[in-house]
Amino acid sequence: MEIINTIPEMKLWSDRARESHKTIGLVPTMGSLHEGHMSLVRQSVATCDFTVVSIFINPTQFGKNEDLDKYPKDLESDTNLLESAGVDVVFAPSSAEMYPEGYKTFVTVEGITDHLCGKSRPGFFRGVATVVLKLLTIVRPHTGFFGDKDWQQATVVETLLRDLNVDTTIERLPLLREPSGLAKSSRNFYLSREEMAPALSLSRALDAARQRVQNGEHSADRIKQEIRQTIEANKQARIDYISVCDPENFVELDEIKDKSLIALAVHIGKTRLIDNCLVRRVECKE
Ligand code: AMP
(Lines give C-alpha, C1' and ligand atoms only; values in the text may rest on other atoms or scores of the structure.)
Protein backbone atom coordinates (compact mmCIF):
# COMPACT_ATOMS: atom_id res chain seq x y z
CA MET A 1 0.00 0.00 0.00
CA GLU A 2 1.31 3.43 -0.94
CA ILE A 3 0.90 6.53 1.20
CA ILE A 4 0.76 9.65 -0.94
CA ASN A 5 0.85 13.14 0.56
CA THR A 6 1.08 15.44 -2.45
CA ILE A 7 -1.40 16.31 -5.18
CA PRO A 8 1.04 15.89 -8.13
CA GLU A 9 2.01 12.39 -6.96
CA MET A 10 -1.62 11.41 -6.46
CA LYS A 11 -2.53 12.70 -9.94
CA LEU A 12 0.37 10.81 -11.49
CA TRP A 13 -0.70 7.57 -9.78
CA SER A 14 -4.29 8.01 -11.03
CA ASP A 15 -3.11 8.85 -14.56
CA ARG A 16 -1.16 5.60 -14.63
CA ALA A 17 -4.08 3.56 -13.26
CA ARG A 18 -6.40 5.06 -15.87
CA GLU A 19 -3.88 4.48 -18.67
CA SER A 20 -3.84 0.81 -17.75
CA HIS A 21 -7.68 0.79 -17.95
CA LYS A 22 -8.12 0.00 -14.26
CA THR A 23 -11.13 1.24 -12.31
CA ILE A 24 -10.50 3.43 -9.26
CA GLY A 25 -12.72 3.60 -6.17
CA LEU A 26 -12.34 6.51 -3.75
CA VAL A 27 -13.46 6.52 -0.12
CA PRO A 28 -13.15 10.04 1.30
CA THR A 29 -12.71 10.07 5.09
CA MET A 30 -11.42 12.27 7.90
CA GLY A 31 -9.61 9.28 9.44
CA SER A 32 -9.99 7.75 12.88
CA LEU A 33 -11.49 4.85 11.03
CA HIS A 34 -14.13 2.45 12.33
CA GLU A 35 -16.32 -0.27 10.86
CA GLY A 36 -18.63 2.30 9.24
CA HIS A 37 -15.73 3.58 7.13
CA MET A 38 -14.45 0.05 6.56
CA SER A 39 -17.78 -1.06 5.08
CA LEU A 40 -17.24 1.54 2.33
CA VAL A 41 -13.62 0.49 1.92
CA ARG A 42 -14.54 -3.19 1.58
CA GLN A 43 -17.18 -2.40 -1.03
CA SER A 44 -14.64 -0.43 -3.04
CA VAL A 45 -12.01 -3.18 -2.77
CA ALA A 46 -14.60 -5.76 -3.84
CA THR A 47 -15.87 -3.82 -6.84
CA CYS A 48 -13.00 -1.65 -8.16
CA ASP A 49 -9.54 -2.64 -9.45
CA PHE A 50 -7.89 -0.05 -7.21
CA THR A 51 -9.04 1.59 -3.98
CA VAL A 52 -7.84 4.98 -2.78
CA VAL A 53 -8.82 6.12 0.72
CA SER A 54 -8.32 9.78 1.48
CA ILE A 55 -7.66 10.85 5.05
CA PHE A 56 -8.03 14.58 5.38
CA ILE A 57 -9.54 16.55 8.25
CA ASN A 58 -10.97 19.27 6.09
CA PRO A 59 -10.66 22.63 7.89
CA THR A 60 -13.13 24.43 5.59
CA GLN A 61 -16.07 22.35 6.82
CA PHE A 62 -15.58 23.18 10.50
CA GLY A 63 -17.11 26.27 12.09
CA LYS A 64 -15.08 28.56 14.37
CA ASN A 65 -16.26 26.98 17.62
CA GLU A 66 -16.31 23.41 16.39
CA ASP A 67 -13.93 20.52 17.06
CA LEU A 68 -11.32 20.93 14.28
CA ASP A 69 -8.42 21.11 16.75
CA LYS A 70 -9.43 18.13 18.79
CA TYR A 71 -10.85 15.91 16.03
CA PRO A 72 -9.45 12.38 16.75
CA LYS A 73 -6.41 11.34 14.70
CA ASP A 74 -4.63 7.99 14.49
CA LEU A 75 -2.88 7.71 11.15
CA GLU A 76 -0.85 4.67 12.14
CA SER A 77 -3.80 2.57 13.21
CA ASP A 78 -5.78 3.83 10.17
CA THR A 79 -3.06 2.81 7.71
CA ASN A 80 -2.72 -0.64 9.35
CA LEU A 81 -6.46 -1.21 9.02
CA LEU A 82 -6.48 -0.05 5.41
CA GLU A 83 -3.48 -2.13 4.45
CA SER A 84 -5.07 -5.30 5.81
CA ALA A 85 -8.28 -4.49 3.93
CA GLY A 86 -6.38 -4.50 0.63
CA VAL A 87 -6.37 -0.76 -0.05
CA ASP A 88 -3.90 0.39 -2.72
CA VAL A 89 -3.34 4.03 -1.80
CA VAL A 90 -3.89 6.25 1.22
CA PHE A 91 -4.04 9.86 0.10
CA ALA A 92 -3.26 12.00 3.14
CA PRO A 93 -2.51 15.57 2.05
CA SER A 94 -1.77 18.40 4.49
CA SER A 95 -4.06 21.42 4.80
CA ALA A 96 -1.41 23.54 3.08
CA GLU A 97 -1.35 21.08 0.19
CA MET A 98 -5.12 21.30 -0.26
CA TYR A 99 -5.54 25.00 0.56
CA PRO A 100 -2.27 26.78 -0.21
CA GLU A 101 -1.91 30.48 0.46
CA GLY A 102 -4.06 32.48 -1.91
CA TYR A 103 -6.70 29.74 -2.16
CA LYS A 104 -9.97 31.38 -3.24
CA THR A 105 -12.46 28.94 -4.75
CA PHE A 106 -15.45 27.37 -2.99
CA VAL A 107 -18.42 25.42 -4.30
CA THR A 108 -21.95 25.75 -2.97
CA VAL A 109 -24.92 23.48 -3.58
CA GLU A 110 -28.03 25.60 -3.07
CA GLY A 111 -31.42 24.85 -1.53
CA ILE A 112 -30.92 21.38 -0.11
CA THR A 113 -28.15 22.77 2.10
CA ASP A 114 -30.55 25.22 3.80
CA HIS A 115 -31.94 22.44 5.99
CA LEU A 116 -30.78 20.08 8.78
CA CYS A 117 -26.98 20.20 9.21
CA GLY A 118 -26.68 22.97 6.62
CA LYS A 119 -28.91 25.17 8.78
CA SER A 120 -27.19 24.47 12.07
CA ARG A 121 -23.63 24.42 10.69
CA PRO A 122 -23.38 27.39 8.29
CA GLY A 123 -20.57 26.85 5.78
CA PHE A 124 -20.37 23.12 6.50
CA PHE A 125 -21.64 21.91 3.13
CA ARG A 126 -19.67 24.60 1.29
CA GLY A 127 -16.56 23.04 2.84
CA VAL A 128 -17.71 19.50 2.11
CA ALA A 129 -18.66 20.21 -1.51
CA THR A 130 -15.37 22.01 -2.11
CA VAL A 131 -13.18 19.29 -0.65
CA VAL A 132 -15.09 16.47 -2.34
CA LEU A 133 -14.83 18.17 -5.72
CA LYS A 134 -11.11 18.74 -5.15
CA LEU A 135 -10.58 15.09 -4.15
CA LEU A 136 -12.49 13.87 -7.19
CA THR A 137 -10.48 16.14 -9.48
CA ILE A 138 -7.21 14.92 -7.97
CA VAL A 139 -7.99 11.18 -7.74
CA ARG A 140 -10.38 10.94 -10.72
CA PRO A 141 -12.18 7.85 -9.37
CA HIS A 142 -14.78 5.95 -11.36
CA THR A 143 -16.78 5.44 -8.16
CA GLY A 144 -16.93 7.39 -4.89
CA PHE A 145 -18.26 5.62 -1.79
CA PHE A 146 -20.33 7.52 0.78
CA GLY A 147 -22.29 6.41 3.85
CA ASP A 148 -25.95 7.06 4.58
CA LYS A 149 -24.86 7.91 8.14
CA ASP A 150 -24.37 11.37 6.59
CA TRP A 151 -27.51 11.16 4.45
CA GLN A 152 -27.70 14.86 3.60
CA GLN A 153 -24.00 14.96 2.75
CA ALA A 154 -24.31 12.02 0.33
CA THR A 155 -27.26 13.77 -1.35
CA VAL A 156 -25.31 17.05 -1.58
CA VAL A 157 -22.41 15.18 -3.22
CA GLU A 158 -24.75 13.42 -5.70
CA THR A 159 -26.27 16.80 -6.61
CA LEU A 160 -22.86 18.44 -7.01
CA LEU A 161 -21.65 15.72 -9.36
CA ARG A 162 -24.84 15.76 -11.41
CA ASP A 163 -24.89 19.56 -11.73
CA LEU A 164 -21.20 19.91 -12.58
CA ASN A 165 -21.14 16.91 -14.93
CA VAL A 166 -18.48 15.08 -12.95
CA ASP A 167 -17.84 11.58 -14.31
CA THR A 168 -17.82 9.76 -10.99
CA THR A 169 -20.62 7.47 -9.89
CA ILE A 170 -21.65 7.68 -6.25
CA GLU A 171 -22.38 4.52 -4.36
CA ARG A 172 -24.19 4.98 -1.05
CA LEU A 173 -23.96 2.37 1.67
CA PRO A 174 -26.12 1.79 4.76
CA LEU A 175 -25.47 3.32 8.16
CA LEU A 176 -23.56 0.90 10.40
CA ARG A 177 -24.33 0.73 14.14
CA GLU A 178 -22.72 -0.56 17.30
CA PRO A 179 -24.49 -3.63 18.76
CA SER A 180 -26.05 -1.14 21.22
CA GLY A 181 -27.68 0.71 18.31
CA LEU A 182 -25.38 3.75 18.51
CA ALA A 183 -24.45 4.95 15.00
CA LYS A 184 -20.73 4.33 14.52
CA SER A 185 -18.86 7.62 14.35
CA SER A 186 -15.36 8.94 14.91
CA ARG A 187 -16.93 11.43 17.33
CA ASN A 188 -18.08 8.56 19.59
CA PHE A 189 -14.46 8.56 20.84
CA TYR A 190 -15.29 11.80 22.67
CA LEU A 191 -18.09 10.23 24.72
CA SER A 192 -17.44 9.56 28.39
CA ARG A 193 -18.92 6.52 30.12
CA GLU A 194 -21.66 8.69 31.66
CA GLU A 195 -22.54 10.06 28.22
CA MET A 196 -23.16 6.62 26.69
CA ALA A 197 -26.73 6.26 27.95
CA PRO A 198 -27.79 9.70 26.65
CA ALA A 199 -26.01 8.96 23.35
CA LEU A 200 -27.99 5.75 22.98
CA SER A 201 -31.24 7.67 23.27
CA LEU A 202 -30.86 8.82 19.64
CA SER A 203 -31.10 5.35 18.12
CA ARG A 204 -33.68 4.28 20.71
CA ALA A 205 -35.86 7.25 19.81
CA LEU A 206 -35.48 6.49 16.10
CA ASP A 207 -36.33 2.83 16.65
CA ALA A 208 -39.46 3.77 18.55
CA ALA A 209 -40.39 6.27 15.82
CA ARG A 210 -39.91 3.64 13.12
CA GLN A 211 -42.15 1.30 15.09
CA ARG A 212 -44.83 4.00 15.47
CA VAL A 213 -44.78 4.66 11.73
CA GLN A 214 -45.03 0.93 11.06
CA ASN A 215 -48.10 0.86 13.30
CA GLY A 216 -49.73 3.50 11.13
CA GLU A 217 -48.74 6.85 12.72
CA HIS A 218 -48.66 9.56 10.03
CA SER A 219 -48.29 12.77 12.04
CA ALA A 220 -44.78 14.22 11.82
CA ASP A 221 -45.51 16.43 14.84
CA ARG A 222 -46.44 13.50 17.05
CA ILE A 223 -43.38 11.55 15.94
CA LYS A 224 -41.07 14.51 16.60
CA GLN A 225 -42.70 15.11 19.99
CA GLU A 226 -42.08 11.52 21.08
CA ILE A 227 -38.48 11.62 19.90
CA ARG A 228 -37.97 14.88 21.80
CA GLN A 229 -39.38 13.38 25.00
CA THR A 230 -37.15 10.27 24.77
CA ILE A 231 -34.03 12.33 24.19
CA GLU A 232 -34.80 15.12 26.65
CA ALA A 233 -35.27 12.54 29.43
CA ASN A 234 -31.45 12.72 29.54
CA LYS A 235 -30.04 15.84 31.20
CA GLN A 236 -26.81 15.82 29.16
CA ALA A 237 -28.70 15.89 25.85
CA ARG A 238 -29.33 19.17 24.01
CA ILE A 239 -31.30 18.81 20.79
CA ASP A 240 -29.99 20.64 17.74
CA TYR A 241 -32.74 19.44 15.39
CA ILE A 242 -35.32 16.71 14.97
CA SER A 243 -36.66 16.52 11.46
CA VAL A 244 -39.21 14.50 9.54
CA CYS A 245 -38.49 15.47 5.98
CA ASP A 246 -38.36 14.55 2.33
CA PRO A 247 -35.21 12.40 1.88
CA GLU A 248 -34.28 14.16 -1.35
CA ASN A 249 -34.79 17.87 -0.68
CA PHE A 250 -35.03 17.87 3.16
CA VAL A 251 -38.19 20.00 3.25
CA GLU A 252 -40.13 19.35 6.48
CA LEU A 253 -43.21 17.16 6.17
CA ASP A 254 -46.50 17.42 8.08
CA GLU A 255 -47.29 13.81 7.36
CA ILE A 256 -45.22 10.71 6.76
CA LYS A 257 -45.28 9.92 3.06
CA ASP A 258 -43.92 6.95 1.19
CA LYS A 259 -40.22 7.39 1.95
CA SER A 260 -39.63 9.98 4.65
CA LEU A 261 -36.39 10.69 6.45
CA ILE A 262 -36.27 11.08 10.20
CA ALA A 263 -33.03 12.87 11.03
CA LEU A 264 -31.56 14.05 14.34
CA ALA A 265 -28.65 16.07 15.59
CA VAL A 266 -28.11 16.14 19.34
CA HIS A 267 -25.35 17.50 21.53
CA ILE A 268 -24.35 15.08 24.27
CA GLY A 269 -22.15 17.22 26.49
CA LYS A 270 -19.63 18.68 24.04
CA THR A 271 -20.16 16.02 21.38
CA ARG A 272 -22.55 16.58 18.51
CA LEU A 273 -24.05 13.34 17.21
CA ILE A 274 -26.24 12.77 14.17
CA ASP A 275 -28.45 9.83 13.27
CA ASN A 276 -31.21 9.09 10.80
CA CYS A 277 -33.56 6.47 9.46
CA LEU A 278 -35.75 6.16 6.42
CA VAL A 279 -39.40 5.25 7.04
CA ARG A 280 -42.28 4.36 4.77
CA ARG A 281 -45.92 5.22 5.19
CA VAL A 282 -48.16 2.34 6.14
CA GLU A 283 -51.88 2.74 5.50
CA CYS A 284 -53.97 1.67 8.52
CA LYS A 285 -56.30 -1.25 7.87
CA GLU A 286 -59.96 -0.34 8.39
P1 AMP B 1 -16.05 10.89 8.01
O2 AMP B 1 -14.68 10.34 8.25
O3 AMP B 1 -16.87 11.02 9.24
O4 AMP B 1 -16.01 12.13 7.16
O5 AMP B 1 -16.82 9.79 7.15
C6 AMP B 1 -16.31 9.33 5.93
C7 AMP B 1 -17.35 8.49 5.22
O8 AMP B 1 -17.70 7.37 6.04
C9 AMP B 1 -18.65 9.26 4.95
O10 AMP B 1 -19.15 8.90 3.66
C11 AMP B 1 -19.57 8.76 6.05
O12 AMP B 1 -20.93 8.82 5.72
C13 AMP B 1 -19.10 7.32 6.18
N14 AMP B 1 -19.48 6.80 7.50
C15 AMP B 1 -19.14 7.32 8.72
N16 AMP B 1 -19.76 6.63 9.70
C17 AMP B 1 -20.49 5.66 9.10
C18 AMP B 1 -21.37 4.65 9.57
N19 AMP B 1 -21.61 4.48 10.86
N20 AMP B 1 -21.97 3.84 8.67
C21 AMP B 1 -21.75 4.01 7.33
N22 AMP B 1 -20.94 4.95 6.82
C23 AMP B 1 -20.32 5.79 7.69
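Domain bounds in these legends come from an automatic or database domain assignment, and the structure shown is a predicted model.

**View 1. The two domains of the protein.** The assignment divides the protein into domain 1, residues 2-173, and domain 2, residues 186-279. Taken over C-alpha atoms, the centres of domain 1 and domain 2 lie 26 Å apart. Domain 1 contributes 21 residues to the contact, and domain 2 contributes 19 residues.

**View 2. The surface buried between domain 1 and domain 2.** Together the two domains bury about 1,800 Å² between them, and carbon and sulfur atoms account for 58% of this area. On the side of domain 1, the residues that lose the most area to domain 2 are Leu116, Lys149 and Trp151. These three residues together make up 34% of what the domain 1 side buries.

View 3. For Met30, a backbone N or O atom is found 2.9 Å from an oxygen atom of the ligand. Leu176 places a polar backbone atom 2.8 Å from a nitrogen atom of the ligand. A polar backbone atom of Lys184 likewise lies 2.8 Å from a nitrogen atom of the ligand. On its own the ligand has 490 Å² of accessible area, and the protein covers 92% of that area.

Key
Residues numbered from 1 in each chain as written. Predicted model: local features only at pLDDT ≥ 70, side-chain atom pairs only at ≥ 80, totals over all residues. Heavy atoms only, no water. Polar contact = N/O pair within 3.5 Å; in protein donor to acceptor, adjacent residues only side chain to side chain. Areas by Shrake-Rupley, 256 points an atom, 1.4 Å probe, with all protein chains shown as cover. Contact = heavy atoms within 4.5 Å. Buried area = accessible area lost by both parts, 1.4 Å probe.
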